[in-house]
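Subject: Structure handover

Hello,

Here is the structure we talked about. Please open it first, then read the notes below.

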Amino acid sequence: MLKVRMVMTSLVVLGLSASAWAGPKQTSTHKRAAEELMEALQMDKMLDKSVGVMLDLQFQQAPQLLEKKAVVVAFFRKYMSWNALRDDLVSLYVVSFTERELRDLTAFYKTPTGQKAISVMPTLMQEGAKLGQQRVQEHMPELVQALQATGP
């Protein structure tokens, strides 16, 4: 009987721990606030554009993929599209921001400055990635030397 009680107690404790780990409970208004932010961010368009930029860079770096471009693009449309990621992204924002913060962000992104930020963000991220790649390539000999100095 003591073993059964200990097992039951352990299961209850584990259950409580799991529910605490899951994060704050999503209310319908909190979830709706996240959905409104996604709309203000034009997340469907931004996601499509970001995936397109990422694929273009991938095809530039690995031209051998070009012969299978249709397959790769179809795969990413299936799994990286707004429809595929929508619910997960909304949940991510609900866990990361309070309802009030979501509403504040939505208010900002509806302003002219917020809309400009949305429109230039993909370009800024692409240019930032290029800068990072360029910087690493410029200093690659230093990295190779440091790696060789540490031995096998």
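The axes of H2 and H6 come within 9 Å and cross at roughly 20°. That makes H2 roughly parallel to H6 (angles under 35 degrees count as roughly parallel, over 145 as roughly antiparallel, 65 to 115 as roughly perpendicular and the rest as oblique). Axes here are lines fitted to C-alpha atoms, for helices over the stretch in contact, and angles run from 0 to 180 degrees between N-to-C directions. Helices are DSSP runs of H or I with at least four residues, strands are E runs of at least two, and both are numbered from the N terminus.

This is a predicted model: local features need pLDDT of at least 70, side-chain atom pairs count only at pLDDT 80 or more, and totals for chains, interfaces and linings use all residues. Residues are numbered from 1 along each chain as its sequence is written, and side-chain values use heavy atoms, with hydrogens and water left out.

Back to the pair. H2 passes H6 in a left-handed crossing (left-handed if the near helix is turned anticlockwise from the far one by less than a right angle, right-handed if clockwise). On the H2 side, the residues in contact include Ala 33, Leu 37 and Ala 40. Among their partners in H6 are Leu 102, Leu 105 and Tyr 109. Contact means heavy atoms within 4.5 Å. The residues of this contact between H2 and H6 divide into seven nonpolar, three polar and three charged. Ala, Val, Leu, Ile, Met, Phe, Trp, Tyr, Cys and Pro count as nonpolar, Asp, Glu, Lys and Arg as charged, and the others, Gly among them, as polar.

H2 also meets H5. The axes of H2 (residues 28-40) and H5 (residues 82-96) come within 9 Å and cross at roughly 125°. H2 and H5 are therefore oblique to each other. Their crossing is right-handed. Ala 34, Leu 37 and Met 38 are among the H2 residues that meet H5, where Trp 82, Leu 89 and Tyr 93 are among the partners. By class, the contact of H2 with H5 has eight nonpolar, one polar and three charged residues.

Now the core. The largest nonpolar core has 24 residues. Such a core is a set of buried Ala, Val, Leu, Ile, Met, Phe, Trp, Tyr and Cys residues joined through side-chain atoms within 4.5 Å. Buried means under 20% relative accessible area, exposed over 50%, partly exposed in between (1.4 Å probe, protein chains only). Met 38, Leu 41, Met 43, Leu 89, Tyr 93 and Tyr 109 have the most contacts inside the core. Leu 89 touches Met 38, Met 43, Leu 47 and Trp 82, not counting residues up to four places away in sequence.

Two loops deserve a look. Gln 42 is in the loop between H2 and H3. Its phi is near 55°, a positive value in a residue other than glycine. Gln 42 is partly exposed, with a relative accessible area of 28%. Ser 81 lies in the loop between H4 and H5. Ser 81 is buried, at 16% relative accessible area.

Just after H8, Gly 151 takes a positive phi of about 85°.

Overall, the chain has eight helices and zero strands. Buried residues make up 21% of its 152 residues.

Best wishes
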